Amino acid sequence: MYAPRLPRIGTLAAWRDAARRLAAARVPPSAVDWGLAGEEGAIFNADLPAPARHLSVPRAFPDLARVLIPDRSGQGMGVAYTLLLRLQSEPGLLSARADLDVARAHRIAKAIRRDIHKMHAFVRFREAGDQTVRRRFTAWFEPDHRIEETVADFFVNRFGDMDWQIVTPDVTTTFQSGALRLEAIRSTRPDADDPLEGLWTTYYENIFNPARLKVDAMQAEIPKKYWRNLPETRSIPSMIASARNRVAAMQQATPNMPAPAAAHGEESAMTAIEQADLFGAPSLDDLRRDALACTRCPLHQEATQIVFGEGPADARVMFVGEQPGDREDLEGRPFVGPAGQLFDETLAAVGIKRADCYVTNAVKHFKFVQKGRRRIHQRPAASEVQACKQWLTQEIAVVDPRLVVALGATALHALTGDGAGLLKRQGGIESLPDGRPLLVTVHPSYLLRLPDAETRAEQAKKFRRDLSCVHDLLKT
């Protein structure tokens, strides 16, 4: 019986070495008891076989194994080894999603990816008392799985301008003066409070709208087990308990409005937006808050956060793109990555200020596939575009732009129901269902993907030509 005991830090590399040796020796999974150093193992623990030759695996396996190894139950290591061994004689195994081992691997991986997403979203830093030249912050988090090494690079990339420390019950991750260090240290939740947490909790309580309370949606997005990591959640039980009485008080305090002019036999000249405002239509801030709890499609499970539109609530032109990219997903703002930079440069070249425009996407969560440390953009499916359509429709209703610009086929599909033939429709003026003019053009990322410099320059010229039409369209 083999009972490899792997270190708490560097677990993946140690598992990979042990798994290669065992698989090369054709040791069956039933003869291997995986675990961490310090855990009890088999009574008769054989030495690992000698270093192994190179094993052949498909490109998708290393990424899957990387996600499986942090499984706290230890099953992830076992199923990863089972797949590694079977792949030596069944190279197409991973594409058989109905296979019991493959299906089990994906169930475990899904749970771990969700845990990673929650740690990305719910780590809250407190400012440390002893400040140096670089600001220092600390945070406490209790993940379900051993994901500290997996998420470390995310926090380095996002908070590389400060020193910080994230403490979990098993591992302390420290980033200081540009150096990352992980230590296997047993810790307990600190009792210290941060004065800023009190201010944040007060703000959170004051922006709470009891009439919009959706407990099921809130708990789906922020399960109760994560509440202990968030300062504002201390107020949630009392806010929920008082919501019904507060709604009743709001209704009682609402003045009785006189009937519209139509009640006197006159035809109302109010627009739909004016009528919606009169009866309490949601603002952009309301929409953003509601969208934070959106679980209408699976994309919310893997993305870091929702990326809502931004810009003036009374913008005359609205630009609609496809979906957030990697940088947008990390920063929470639309069009801030390479395509966004090209978009800004083109706007400036034709005399349009981005600050005067409302910029959003047809799909609000980043869809990607993980390739090593890179997240590769994936085109949203029609069902995902449809699931997000309610947010785009409401953004258009609230902003009420005079002109909408569709950037790419996905945006065109979301706005008109048909995204086919984009290049043939490029530069054309179409109409939305409400009669609003729609300018059709390509997405700036299309230009960045063109390999030929001459073709790229030609298409960039067409893109500038399209955007230069905005001034004239706004005058009509």
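## Helix 13 and helix 14

The axes are lines fitted to C-alpha atoms over the stretch in contact, with angles running from 0 to 180 degrees between N-to-C directions. The crossing of these two helices is right-handed, that is, the near helix is turned clockwise from the far one by less than a right angle.

Helix 13 contributes Ala-382, Val-385, Lys-389, Leu-392 and Ile-396, which meet Thr-410, His-413, Ala-414 and Leu-415 of helix 14; contact here means heavy atoms within 4.5 Å. This contact has six nonpolar, two polar and one charged residues. Ala, Val, Leu, Ile, Met, Phe, Trp, Tyr, Cys and Pro count as nonpolar, Asp, Glu, Lys and Arg as charged, and the others, Gly among them, as polar.

## Basis of the model

The model is predicted: local features need pLDDT of at least 70, side-chain atom pairs count only at pLDDT 80 or more, and totals for chains, interfaces and linings use all residues. Residues are numbered from 1 along each chain as its sequence is written, and side-chain values use heavy atoms, with hydrogens and water left out.

## The chain as a whole

The protein chain holds 17 helices and 14 strands, taken as DSSP runs (helices H or I, at least four residues; strands E, at least two) and numbered from the N terminus. Of its 476 residues, 42% count as buried, meaning under 20% relative accessible area with a 1.4 Å probe.

Where contacts link residues at least 6 apart in sequence, 72% join residues at least 24 apart. The accessible surface of the chain comes to about 24900 Å², and 53% of that belongs to carbon and sulfur atoms.

## Helix 1 and helix 3

Helix 1 (residues 11–24) and helix 3 (residues 75–87) have axes that come within 10 Å and cross at roughly 40°. The two helices are therefore oblique to each other. Helix 1 passes helix 3 in a right-handed crossing.

On helix 1 the contact is made by Thr-11, Trp-15, Ala-19, Arg-20, Leu-22 and Ala-23, and on helix 3 by Met-77, Ala-80, Tyr-81, Leu-84 and Leu-85. These residues divide into nine nonpolar, one polar and one charged.

## Gly-74

Gly-74 lies in the loop between helix 2 (60–68) and helix 3. Because its relative accessibility is 21%, Gly-74 counts as partly exposed, the class between 20% and 50%. The C-alpha atoms of Gly-74 and Leu-36 are separated by 8.7 Å, although the two residues are 38 residues apart along the chain.

Key
Parallel < 35°, antiparallel > 145°, perpendicular 65-115°, else oblique. Areas by Shrake-Rupley, 256 points an atom, 1.4 Å probe, with all protein chains shown as cover.
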